[in-house]
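Here is a short note to go with the entry. The points are numbered so that each can be checked against the coordinates.

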Amino acid sequence: MSPIVVKRELSRRAEKPRVLVIGAGGLGCPIVELLARVHVCELVLADGDVVDRSNLPRQWLYGDKDVGKAKTAAAAARVRDLAPGAKVETRGVFRLPDRLDFALVIDGTDDVDFKFALNDAAIAARVPLVSGGVVGLVGYALSVRPGQSACLRCVFEAPTDEMRKTCRDAGVLAPLPSIVGSVMAAMAARTLAGEAPEAMWSIDLGLSQARPSRWQRRDDCPACGRPS
Ligand SMILES: [Zn+2]
């Protein structure tokens, strides 16, 4: 499907699908802004943090006047300014919702244990997921269609101590979350249009490499495998 057809497919719908974005940080900012600007969905934005001055180099939606404000409130205000008519609902918490009654869930968090828990919840609720992560110079973006394509556990199996390093511990090159978040926004738009973006993108700015890879769903995956 061409980008024009994706946009046409999404804009002709009277009812916009509801999309949950968890995390309004480095990944969440480009995801929220790009999806809001093209009016392809209603956004529900969840994050429990406040804007810190150290966030400003890589978190597009915030400016100096937002320091100290809840990220969800500052992000929603910025989106309404940038994209009048965009629908944004906010939840000032950072936890798994009791019910995942959304057309799509997008994981922009920086907590690997949460990522696996969200993967498992999305699989159980049969809700498509776009997952992404960044640390240092590397990042990934993965689109998961429950029961059809590989999930986070099919690819990475389980969280390791190495994966538990966060941007707070190890830092992150400022433009990297914007690159990975933009890929995630593209995956989200294609998923909402009924496409199947099954490739995982691995981006390594140290090696100057952006690499797609294809993964098969594993029958023995503890999250999405078939019961024996
Ligand atoms: Zn799996």
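1. How many aromatic pairs does the structure hold? This is a predicted model, and the structure holds one aromatic pair. The partners are Tyr-140 and Phe-156, whose ring centres lie 5.3 Å apart with the planes at 65°. Planes over 60 degrees apart count as edge-to-face, so the pair is edge-to-face.

2. Tyr-140 belongs to strand 6 (residues 138-144) and Phe-156 to helix 5, so the pair ties together parts that are 16 residues apart in sequence. Buried means under 20% relative accessible area; Tyr-140, at 13%, therefore counts as buried. Phe-156 has 27% relative accessibility and counts as partly exposed.

3. The zinc ion has four cysteine SG atoms as its protein donors, from Cys-151, Cys-154, Cys-221 and Cys-224, at 2.2 to 2.3 Å. The angles subtended by the four donor atoms run from 95 to 122°, which makes the arrangement tetrahedral. For four donors, that label requires all angles to lie between 85 and 135 degrees.

4. The spacing of the zinc donor residues in sequence is C-x2-C-x66-C-x2-C. Cys-154 sits in helix 5 (residues 152-156), while Cys-224 is in the segment after strand 8 (209-213), so this pair ties together parts that are 70 residues apart in sequence. Cys-154 and Cys-224 are both buried.

5. The largest nonpolar core comprises 37 residues, and those with the most contacts inside it are Val-21, Leu-35, Leu-43, Tyr-62, Ile-106, Val-180 and Met-184. Elements that each supply at least two residues of this core include strand 1 (18-22), helix 2 (28-37), strand 2 (42-46) and helix 7 (175-192). Helix 7 gives the most to this core, with six residues.

6. Leu-35 can be followed through its contacts. Beyond neighbours within four places in sequence, Leu-35 is in contact with Val-40, Cys-41, Leu-43, Ile-106, Ala-185, Ala-188 and Ala-189. Apart from this core lies another, of 26 residues, among them Phe-116, Ala-122, Val-127 and Tyr-140.

7. Not counting residues up to four places away in sequence, Lys-115 touches Asp-107, Thr-109, Gly-132, Gly-133, Tyr-140 and Leu-152.

Note on methods: Residues numbered from 1 in each chain as written. Predicted model: local features only at pLDDT ≥ 70, side-chain atom pairs only at ≥ 80, totals over all residues. Heavy atoms only, no water. Donors = N, O, S within 2.8 Å, 3.2 Å for Na, K, Ca; no water. Tetrahedral: all angles 85-135°; square planar, octahedral: opposite > 155°, others 65-115°. Helix = DSSP H or I, 4+ residues; strand = E, 2+ residues; numbered from the N terminus. Buried < 20%, exposed > 50% of the residue type's maximum accessible area, 1.4 Å probe, protein only. Contact = heavy atoms within 4.5 Å. Core = buried A, V, L, I, M, F, W, Y, C linked by side-chain atoms within 4.5 Å. Phe/Tyr/Trp six-rings, centres within 6.5 Å; stacked < 30°, edge-to-face > 60°.
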